[in-house]
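Work through the following exercises on the chain shown below. Each task is followed by a solution in steps.

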Amino acid sequence: MSQTFKWTFAEFIWRRIEVTNNCVLKSPQRIKYSEEEEIALHNLKAVIPANMHELILDYEAAITAGMSCEIEYAYKQGMKDGIKLRQELILDDEKVVL
């Protein structure tokens, strides 16, 4: 597989993840959870000394990075599954098998 293809494919994946993520961020359920996260963060900062607030932000950044990896993996796996499903549904003459 060429480097150009790998780079183009990776760029495509990230663009699709970005589009999907933007849709999710607008969903009522995600908005509700975001509000709950903000309240929890505010409450934590209220009881933890100011010099420890950076630790909370570091933890939040680590969680976000991990979730990004999971989302990327899930998206790639979904593409692989879609290709595999297409291969199982399509005959050699490109007619759908139902």
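The exercises go from the overall fold to single residues.

The model is predicted: local features need pLDDT of at least 70, side-chain atom pairs count only at pLDDT 80 or more, and totals for chains, interfaces and linings use all residues. Residues are numbered from 1 along each chain as its sequence is written, and side-chain values use heavy atoms, with hydrogens and water left out.

**Exercise 1. Determine how many helices and strands the chain has, and their order.**

Step 1. Helices (H or I, at least four residues) and strands (E, at least two) are taken as DSSP runs, numbered from the N terminus.
Step 2. The chain has three helices and zero strands.
Step 3. Read from the N terminus, the order is α-α-α.

**Exercise 2. Compare the radius of gyration of the chain with that of a compact globule of 98 residues.**

Step 1. The radius is taken over C-alpha atoms, and the globule rule is 2.2 Å times the number of residues to the power 0.38.
Step 2. The rule gives a value near 13 Å, whereas the chain has 20 Å.
Step 3. The C-alpha trace spans about 70 × 35 × 15 Å along its principal axes.
Step 4. Of the 98 residues, 7% count as buried (under 20% relative accessible area, with exposed over 50% and partly exposed in between; 1.4 Å probe, protein chains only).

**Exercise 3. Check whether the span of α3 agrees with its 37 residues.**

Step 1. The expected span is 1.5 Å times one less than the number of residues.

**Exercise 4. State which residues of α3 are buried, and what they pack against.**

Step 1. H53, I56 and E72 are the buried residues of α3.
Step 2. They pack against α1 (3–25) and α2 (28–47).

**Exercise 5. Explain why E72 counts as buried, and list its contacts.**

Step 1. E72 belongs to helix α3 (residues 53–89).
Step 2. E72 counts as buried because its relative accessibility is 19%.
Step 3. With neighbours within four places in sequence left aside, E72 is in contact (heavy atoms within 4.5 Å) with I13, W14 and I17.
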